[in-house]
Amino acid sequence: MKASTLHLVTLRADPAHAEIASHRLMLRAGLIDQVASGIYSWLPLGLRVLRRVEEVVRQEMNAIGCTECLLPMVQPAELWQASGRWGAYGPELLRFTDRHQRGFCLGPTHEEIITDLARRTIKSRHQLPITLYQIQTKFRDEIRPRFGVMRAREFLMKDAYSFHDNPASLEKTYQDMAQAYQRIFERLGLAHRRVSADSGAIGGAVSHEFHILADSGEDVIVYDPDSSYAANLELAQARPGQAAAYQKPIVVAAMGCHGGPVALVLGSGDRLHPTKAGKLSQLAQPLHILQDEELQRLGMLSAPWHDQRWEAVIWDEGAAALAPASHIPHTADLRTVQQGDPSPVTGKPLQLARGIEVGHIFQLGSKYSAALGAMITDEKGQGHPMLMGCYGIGISRIVAAAIEQCHDARGIAWPKAMAPFQVAIAPLRTGNQSDEAVMSEAQSLHDHLEAQGISCLLDDRGLRPGVMFSDLELLGIPWRVVVSARLLEQHALEYQGRHEPNATVDTRHAVLQELLQHLA
């Protein structure tokens, strides 16, 4: 493709409002253009990257027997009311009414729609298992959209849903999907980790997240380098009783479910993890940590953990294992895991890393099928809700996360599987008679590589060499080939990989062979 036909719009300076590298570089490289807060147009170059990611995802979904469909973005309120999420989902669900005053929402996810489809179209257990997926726009009305497409209100997502008549079938599909996700990120050339995760608002008993590793990631993941153990910070655990010698415990006070204060007892220096505490049945929901003034009013500001006025006393498992107290009736995993804590698997030091969540898979069980009446009859003629799995992957978020992992001071440095073009051809024109031969050779090179299945961008914009090279480095195309009158006199070309410090000059044949070896 010629750059002059691509509508290539690049910026020399960083946009002032862009906070992270991916947002800055996607705007500078002309991948996206902001329409409104959290809403972006994908320009031709950015769309090419998006389609490359889609292609890999679609291939891996098809390879494990999933079938593609397309569900509506606009969803009726009654389905969300039936599942119980119409009121529970919160203000991120953008609700509206049509001209007949019927309630609708813009879909942030599609559990209700797909379950409704299943209850009307799956008539026999012999149709199971089945997995349907789509690649489609979602909308979540984020209170504070930021970081470009990383946390946008409108985004592109692959979501898949599986239906089963027994737990073993659900488990098999879940593991098949987890392995497919691993292959997706490996094919895209991205360093990543799969971690145990909390199911959150989606629901279900088992879930895992997939994170692209990047220093700018908002999530902290915990892993054991000597085993397969990995979890996000919300679920991460350390081996109890392996910390430093016990010291005087600390007490964090929270509101109990019966209206009184509850003492949460941790080891000295530990930090309470609010998500872990928020799951305790003894605490009021949502979690409310009592502040000093509230404790003062209750006369409990300095109350020790053994004070009888606490509604309940819950010890962190690690602190309890080291405590001198002879009777500790209630324990739970409360603390935030720290770097160097002993692994629950091997006992060796745990490591912390930052990641960007780009995928999440769930075993939903019968949460939605039971609520919406998606039933199946077993071999005994008895009806029961179908079991479900849910599997999401953020297509547009992967693009931004890849840039966070793969960039330098010069711009984006795409992995070859994601690059909008594999080779950039840079003809150097001088305004004299030799330009015709230079452009002819550049076009010939472009056509030859394209015929070999290698996508090329021919920069025919007539820019000065320094400006053109800076633009191509900003765009992150893996390989650059320079054509000039001087090189033509030597029957040679100059080529350079995006990560290579120096360019190499060689014969046309040798350069083509090198490119084919790396890219074909």
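## A bridge to Arg461

Aspartate 471 and arginine 461 form a salt bridge, with their closest N and O atoms 3.1 Å apart. The term covers a side-chain nitrogen of Lys or Arg within 4 Å of a carboxyl oxygen of Asp or Glu. The pair links distant parts of the chain, 10 residues apart. Aspartate 471 sits in helix α13 (residues 465-475). Arginine 461 lies in the loop between β24 (456-458) and α13. Helices (H or I, at least four residues) and strands (E, at least two) are DSSP runs, numbered from the N terminus.

This is a predicted model: local features need pLDDT of at least 70, side-chain atom pairs count only at pLDDT 80 or more, and totals for chains, interfaces and linings use all residues. Residues are numbered from 1 along each chain as its sequence is written, and side-chain values use heavy atoms, without hydrogens and water.

Salt bridges with shared partners join Arg12, Asp459, Arg461 and Asp471 into one network.

How accessible are these partners? Aspartate 471 is buried, at 1% relative accessible area. Aspartate 459 is buried too, at 1%. Arginine 461 is partly exposed, at 25%. Buried means under 20% relative accessible area, exposed over 50%, and partly exposed in between (1.4 Å probe, protein chains only).

## Asp307 and Arg309

Another salt bridge joins the side chains of aspartate 307 and arginine 309, at 3.0 Å from N to O. Aspartate 307 is buried, with 17% relative accessible area. Arginine 309 is partly exposed, at 48%.

## Whole-structure count

Searching the whole structure gives 28 salt bridges.
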